[in-house]
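Hi,

Here is the structure I said I would pass on.

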Amino acid sequence: YGFLYDSISFLDRLNSFSPYGRVIIETSPGSALQLYYTEGAPHLRQPGSDALGQAASDLAVFPRLSVRNGALAIQRGRHIEASFHRNFGKTTLAQAGVFRDQVSNLALNSSVRGDPLPDFLPDVFSQQHAFNSGDHQTMGVRAAVQHQLSESVQTTLAYTYPGALAPERYTLLSQRPDELRNILRMQKRHALAAKLAANVPVTGTRVFAAYKWVLGTAVSPVDMYDESFGHADPNLSIVIRQPLP
């Protein structure tokens with residue numbers, strides 16, 4: 001348990017206090033129930049990173065800022081999750097859970113041609129703009145199975161049924177930001193992921209490959225607070241890590 005405190009000076013002064021906590025109850029040998037709560041920003045999961053590298057990545061997360069009705073706003077979330085883990089022998093691990101997300105001032109990345117519309121804030125780190133899509137909430141479920149094929153090869157299959165923002169139509173009748181917010185609705189999406197991790201003998205090379213398929217259009221992250229071993233980014237990703245002497 002703990003908390004994260006952010007004090008941001010950008011156009012205005014914003015302060016954010018985000019508590020988090022996790023309880024793990026071992027119900028029997030090889031089985032555990034986990035309860036998780038956080039109001040902080042979603043963590044950025046790096047394939048194959050160690051604990052220290054992941055902690056450094058979490059500390060480097062810059063709060064998501066946007067503008068709504070001319071005022072600076074910070075994205076806030078509230079995630080509540082309950083999950084169950086069970087080992088089947090020494091080679092297979094299964095996990096299933098249910099969660100609920102509430103996000104206020106959800107900032108979406110956008111590309112703007114010409115002069116940006118009101119409530120589009122330029123990103124200080126890229127050429128994109130952040131658009132404040134408003135407040136949203138959703139519930140979802142996820143399940144994953146991980147199997148150790150050998151000492152050097154591991155496979156994972158995962159299924160998620162969360163909510164994601166999607167447009168109800170693809171044309172705007174005005175230049176008002178509120179119209180764009182109104183056509184973005186939280187809709188349920190099926191998502192399947194497959195992952196493969198392998199260690200190459202002799203060279204020590206580590207290879208991570210993952211593919212995540214999402215059914216339907218989504219303009220916001222799908223299950224943004226997923227920290228399970230079945231987590232994967234949408235589409236195809238391949239990471240190769242080579243330790244040096």
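Below is what turned up, from the whole chain down to one arginine.

A word on the source: this is a predicted model, so local features need pLDDT of at least 70, side-chain atom pairs count only at pLDDT 80 or more, and totals for chains, interfaces and linings use all residues. Residues are numbered from 1 along each chain as its sequence is written, and side-chain values use heavy atoms, with hydrogens and water left out.

The chain has two helices and 17 strands (DSSP runs numbered from the N terminus: H or I of at least four residues for helices, E of at least two for strands). Of its 245 residues, 36% are buried, meaning under 20% relative accessible area with a 1.4 Å probe, protein chains only.

Ten strands make an open sheet with antiparallel pairing, in the order β1-β2-β3-β6-β7-β11-β12-β15-β16-β17 (strands pair if DSSP finds at least two bridges between them). At its edges are β1 (2–10) and β17 (235–241), each pairing on one side only. β17 runs antiparallel to β16 (residues 206–214) over seven bridges, and R241 in β17 stands opposite R206.

Now for R181, which lies in helix α2 (residues 177–183). Is R181 buried or exposed? It is buried, at 7% relative accessible area. Leaving aside neighbours within four places in sequence, R181 is in contact (heavy atoms within 4.5 Å) with V67, R68, D119, F131, N132, S133 and G134.

Methods
Buried means under 20% relative accessible area, exposed over 50%, partly exposed in between (1.4 Å probe, protein chains only).
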